[in-house]
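Subject: Model for your review

Hello,

Please find the structure below. My notes on it come after.

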Amino acid sequence: MDIGFIGLGLMGAPMALNLARAGGLVVWNRTPARAEPLRAAGADVADGPGEVFRRARFVFLMLADEGAVDDVLGRGTPEFAARVAGRTVVHMGTTSAAYSAGLDAAVRAAGGRYVEAPVSGSRGPAEEGRLVAMLAGDPGAVGDVRPLLGPMCHQSVVCGAAPSALLMKLAVNLFLITMVTGLAEATHFADRHGLDLRRFQEVLATGPMASVVSRGKAAKLVEGELSPQAAVADVLKNNRLIAEAARSAGLASPLLDACHALFAETLALGHGGLDMAAVIKALEARTARTA
């Protein structure tokens with residue numbers, strides 16, 4: 001049985017590579033060159049998304065946004081039913097919960113099965129196969145998908161019916177965004193007070209606030225090495241989705257709103273492709289304006 005995987009971006013490429021090493025994978029990406037490492041790893045490269053759906057019973061989607069998902073599925077065209085009927089569509093990207101709930105209904109109405117499986121983790125854990133998946137959907141479909149995640153995820157958590165997994169992902173990302181922004185501000189504070197940043201990093205790494213994320217992002221901030229694990233532009237998109245979900249539920253989100261402004265400023269400064277730790281650039285720019 002072939003498994004399909006569509007979307008070979010910053011996260012999708014290492015995830016698909018881990019699946020390819022387990023065998024029986026067919027992939028497609030809008031930019032063909034990104035599929036070549038998968039071909040070298042033993043995956044079949046399809047001519048288009050239609051071929052992926054023809055060959056695979058389970059199709060994983062790791063796509064940038066809702067429009068890309070609709071395009072790949074052929075949603076709104078006769079191709080949609082032809083692609084999803086008899087297939088299990090596994091949505092691993094981050095979209096709004098409302099969109100996912102609508103897609104769940106549309107896939108089921110067309111004779112397919114739908115599972116949400118967004119992941120927690122950045123490019124490093126994706127390369128290591130140590131992501132955490134959040135699963136939602138029909139229990140039978142979730143039960144079938146869960147073991148297939150093994151090469152990509154070291155843990156999976158069942159959250160209930162869709163869109164509970166995407167809401168869980170947004171809640172986790174809210175914590176991540178505010179934590180990394182706080183770390184960037186603390187690093188900026190330490191730097192401008194003339195502290196030894198290596199010692200600051202050491203205190204953080206050995207103290208009660210230490211985590212895998214804090215250690216990794218602190219190293220990036222201290223060393224100034226900002227290659228993306230989770231890019232600023234993607235974080236800003238996630239921030240917007242969380243803010244929209246908060247507003248729809250009538251929730252206050254003051255920390256998130258402050259982060260949203262800072263990431264928007266970081267993007268405007270031209271740092272959208274850098275790691276989210278580059279939010280420190282917005283803080284430095286604000287400091288320069290008040291000096």
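Predicted model: local features only at pLDDT ≥ 70, side-chain atom pairs only at ≥ 80, totals over all residues.

Residues are numbered from 1 along each chain as its sequence is written, and side-chain values use heavy atoms, with hydrogens and water left out.

Strand 5

Helices (H or I, at least four residues) and strands (E, at least two) are DSSP runs, numbered from the N terminus. In a regular strand the side chains alternate between the two faces of the sheet. In strand 5 (residues 88-91), T88 and V90 point one way, and V89 and H91 the other. All are buried, meaning under 20% relative accessible area with a 1.4 Å probe and protein chains only (exposed is over 50%, partly exposed in between).

Strand 5 runs parallel to strand 4 (residues 56-61), joined by 4 bridges; two strands pair if DSSP finds at least two bridges between them. V89 is the bridge partner of V59. Strand 5 also pairs with strand 6 (residues 113-116) in the parallel sense, over 4 bridges, and there V89 stands opposite Y114. From strand 5 the chain passes through helix 6 (residues 97-109) to strand 6 in a right-handed β-α-β crossover (clockwise from the first strand over the helix to the second, with the strands pointing away from the viewer).

Nonpolar cores

A nonpolar core is a set of buried Ala, Val, Leu, Ile, Met, Phe, Trp, Tyr and Cys residues joined through side-chain atoms within 4.5 Å. The largest has 34 residues, and F5, M15, L25, F60 and M92 have the most contacts inside it. Helix 1 gives the most to this core, with 6 residues. A second, separate core of 31 residues includes L170, A184, V232 and I280.

C259

Is C259 buried or exposed? C259 counts as buried because its relative accessibility is 5%. C259 lies in helix 13 (residues 254-268). Leaving out residues up to four places away in sequence, C259 touches I177, T178, T181 and N239 (contact means heavy atoms within 4.5 Å).

Lining of the largest pocket

Helix 9 (164-192) is among the elements that each supply at least two residues of this lining. The largest share, 7 residues, comes from helix 9.

Regards
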